[in-house]
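Student: I am new to this kind of picture, and I would like to learn how to read its features one at a time. Could we begin with a helix and go on from there?

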Amino acid sequence: MSQPPPDELGQTAYRWLNDMGDDGYALVWVAQEEDLLGERRAPVVGRAGAEERDFDFRRLQLEEIARGGPRAALERWLKLDDGRRQLTIIHANPFELHEYTPGDLASTLFFSENGDRHESWLVDQLSSWFYRRFTDAPQGPQRAWAAAAAAWATHMRAFGTSPPGTVMARVLERAGEADEQGELARYLAETGLLAVTLFDGLQNPISRNQIVQDWLTLEPFATDIPVLKEASDWLLDQIVLRDATAQEMRARLTPDISDHLEDRSHFRSILPPHAPALDPQRTEMLRHTSDVVRAYTAAHYSGHTDQAQQLLAAVTGPSTPAPANGWAAEEWETRSPFERIAFRQLDHHYDDLPDLQARPAVRGTESLHATHAGLRARSAHLSVLHDTLDRLSMPPTDPAPLPESLTGLPAAHRLRGVLEAFGTVERARQFLAGRISYLQQEPVPHHRSAVTAREIERLQTAQQNLAALAPADGLVLDESHVQRLAALTRSAPDSAPAEIPARQQPEPGTEQSRHRAIVHPDQPGVSV
């Protein structure tokens with residue numbers, strides 16, 4: 001339970017949350033949460049998380065308020081669900097808020113005192129919805145049955161992990177199919193049970209191998225069930241956290257947002273005032289970084305090693321950093337946030353590993369090794385970046401004392417630093433414009449009010465000096481090439497390895513037993 005949000009957190013949501021009455025249920029579309037800073041908790045598949053205290057109600061868009069209790073709300077959800085966007089059900093009063101899945105409401109109706117009166121209606125409604133999910137799947141019939149079973153597990157698992165026999169009988173009748181041997185029913189039951197086990201396992205990932213297997217299992221279904229895309233991306237981000245190379249790649253591509261992170265540490269309440277919003281320029285850079293790192297990780301762990309190596313080769317890292325002269329020394333506020341946040345993150349990893357001593361080789365070392373590699377690369381990158389900002393913020397070196405053949409050397413040194421720190425001159429311009437606009441937001445947070453004006457002045461000087469530089473051929477990171485590689489990598493059709501056996505019964509209790517039934521839904525021996 002949670003309190004409905006105050007007016008400042010979402011004026012539109014606040015109005016309809018207080019307009020439901022006792023029998024009203026709001027059906028709302030949920031925008032996917034963008035997690036550019038890696039802060040999102042494990043998603044609860046099928047739920048938006050509206051009961052969480054820090055939920056952003058601006059993600060919700062009201063479709064309608066169904067009046068008439070749970071039955072009316074369930075009927076409208078089954079009609080409105082399009083299989084592409086997440087639709088959730090919310091009931092609220094001035095004192096509390098509840099989020100329901102359609103499975104919650106179906107279970108409430110079936111097990112109520114008047115459950116017999118609802119049973120026939122439930123069979124008709126649920127079979128109609130399940131058959132629509134089967135026919136809407138873009139793949140062939142066998143893959144469509146698996147997609148429909150995964151959709152049932154996503155939305156209806158509170159009512160059962162797979163459709164009851166009465167529902168399946170009606171579905172088969174609609175489809176004109178027969179399942180005399182019960183093979184299809186067993187396959188759907190097995191698929192639903194393992195899907196629910198996978199969804200529940202998101203809350204407590206044990207090892208990188210388990211997370212990789214879960215991601216390989218879930219990723220193909222995210223095409224058919226876009227609601228699962230959030231869980232699939234979250235699993236991919238968890239793999240990144242445990243992969244040293246991916247962490248180093250992210251460290252080298254991520255823009256410096258230490259000013260924003262430091263500001264946020266001074267605004268911890270969900271109530272106003274809030275920390276200044278991150279500028280669009282660096283937000284876009286973070287989004288590109290996330291896409292590239294996910295694409296590399298997906299390629300590496302799905303067997304596309306050539307594509308992964310192409311992406312890795314396209315992303316150039318900084319050379320050995322030179323000591324910054326004045327940027328970090330004079331403006332410690334521009335440098336210290338990273339060190340504090342970095343060690344805070346490292347401490348958080350220790351605090352977040354309850355079984356670190358029990359299973360150090362499985363969970364602790366993977367995460368801590370990758371974290372350490374990422375922080376080491378990040379520290380080196382920020383040293384290069386701050387040294388470059390320091391050089392750009394100083395007056396240009398007078399080349400007069402140099403021979404005529406070397407007069408271009410100071411500018412070349414500056415340009416080389418820019419390319420090492422940012423990859424391209426354009427990314428450097430984007431970063432400086434974004435950081436200046438961020439610092440110019442009013443009101444200026446109190447903790448940096450004494451230094452903000454001077455920092456803006458130095459950034460503007462760096463911006464002017466950068467404009468005088470001309471890019472050099474052969475020294476520029478081809479960002480468009482990296483983006484094209486990332487797009488091609490994520491669109492590779494065969495993301496799951498074909499050699500994993502299907503429908504073979506594994507040893508009870510083994511990790512592989514969670515995946516086999518739904519990795520390959522197009523299996524022999526299923527009568528449809």
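**Reading helices, strands and salt bridges**

Tutor: Keeping in mind that this is a predicted model, start with helix α19 (residues 452-467), which has 16 residues and reaches 23 Å from its first C-alpha to its last, close to the 22 Å expected at 1.5 Å a residue.

Student: Which residues in α19 are buried?

Tutor: Those under 20% relative accessible area count as buried, and in α19 they include T452, I456, L459 and L466.

Student: How should I read the two sides of a strand such as β1?

Tutor: In a regular strand the side chains alternate between the two faces of the sheet. In β1 (residues 24-30), G24, A26, V28 and V30 lie on one side and Y25, L27 and W29 on the other, and all of these are buried, so that both faces are covered.

Student: Which strands does β1 pair with?

Tutor: β1 pairs with β2 (residues 60-67) in the antiparallel sense over seven bridges, with G24 opposite R67, while five bridges join β1 to β3 (residues 86-92), also antiparallel, where V30 stands opposite Q86.

Student: What does a salt bridge tie together in the case of D263 and R448?

Tutor: The side chains of D263 and R448 meet at 2.8 Å, N to O. D263 lies in helix α11 (residues 258-265) and R448 in the loop between α18 and α19, so the pair ties together parts that are 185 residues apart in sequence. Both D263 and R448 are buried.

Conventions:
Residues are numbered from 1 along each chain as its sequence is written. This is a predicted model: local features need pLDDT of at least 70, side-chain atom pairs count only at pLDDT 80 or more; totals for chains, interfaces and linings use all residues. Side-chain values use heavy atoms; hydrogens and water are left out. Helices (H or I, at least four residues) and strands (E, at least two) are DSSP runs, numbered from the N terminus. The expected span of a helix is 1.5 Å times one less than its number of residues. Buried means under 20% relative accessible area, exposed over 50%, partly exposed in between (1.4 Å probe, protein chains only). Two strands pair if DSSP finds at least two bridges between them. A salt bridge is a side-chain nitrogen of Lys or Arg within 4 Å of a carboxyl oxygen of Asp or Glu.
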